[in-house]
Amino acid sequence: MNSTDFEKYFRKLYLPLGMYALRLVDDADVAEDMVQDAFLKAWQYIDGGGVIDNFVPFMYRSVRNVCLTHLRSCKEVLDESFIPEAGDEEIDTSLRDARLWRAIDELPDRCREIFLMSKRDGLTNDEIADELDLSVKTVKNQITKAFSRLRAVLSPGYKPFFLPFL
């Protein structure tokens, strides 16, 4: 694998691996550090002449291992059975979550702000309207618009999605 291929994998996997790590360590900053550490170790291995046959599963396993090491250093006892292997379901979930956050990032600014205040922060439509000096109807319309756009991007042709806000 050359540096161009590695960079393509990095761009493709960074956010999904971050979502996977976040589920394991429950801290966004730590999760980002774990993913960066895993990519650094993978690059050092490749740069040293190592060959990785299945890069995607390798990276999920690497992120899991880095997260386990971190969790062990934070706690005296860690029951690894609570941290599942990165199987197809975990990979699919992290890819879906990454698609969701990319789609949310692509919403118009005001629409995204209102949507996140509602779904992530748990504010009511009245609270959002008061805070942003808008009508409740405008807030409802923006949330409906956000759901419509997200649904179009995320679930064409298959079951509805859910919002994995932490």
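The model is predicted, so local features need pLDDT of at least 70 and side-chain atom pairs count only at pLDDT 80 or more, while totals for chains, interfaces and linings use all residues. Residues are numbered from 1 along each chain as its sequence is written, and side-chain values use heavy atoms, with hydrogens and water left out.

Let's start with the helices, which are DSSP runs of H or I with at least four residues, numbered from the N terminus. Helix H1 (residues 3-25) packs with helix H2 (residues 28-47) at about 145°, and their axes are 8 Å apart. Here axes are lines fitted to C-alpha atoms over the stretch in contact, and angles run from 0 to 180 degrees between N-to-C directions.

Now the rings. How many aromatic pairs does a search of the whole structure find? There are ten. Rings of Phe, Tyr and Trp (its six-membered ring) pair if their centres lie within 6.5 Å; planes under 30 degrees apart are stacked, over 60 edge-to-face, and the rest tilted.

Tyrosine 9 and phenylalanine 55 make a tilted pair, 4.6 Å centre to centre with 40° between the planes. Tyrosine 9 sits in helix H1 and phenylalanine 55 in helix H3 (residues 55-74), 46 residues apart.

Why is the pair of phenylalanine 10 and phenylalanine 39 edge-to-face? Because their planes are at 70°, with the centres 4.8 Å apart. Phenylalanine 10 belongs to helix H1 and phenylalanine 39 to helix H2, so this pair ties together parts 29 residues apart in sequence.

Finally, ring pairs link a cluster that includes Phe6, Tyr14, Trp43 and Phe58.

Note on methods
Helices (H or I, at least four residues) and strands (E, at least two) are DSSP runs, numbered from the N terminus.
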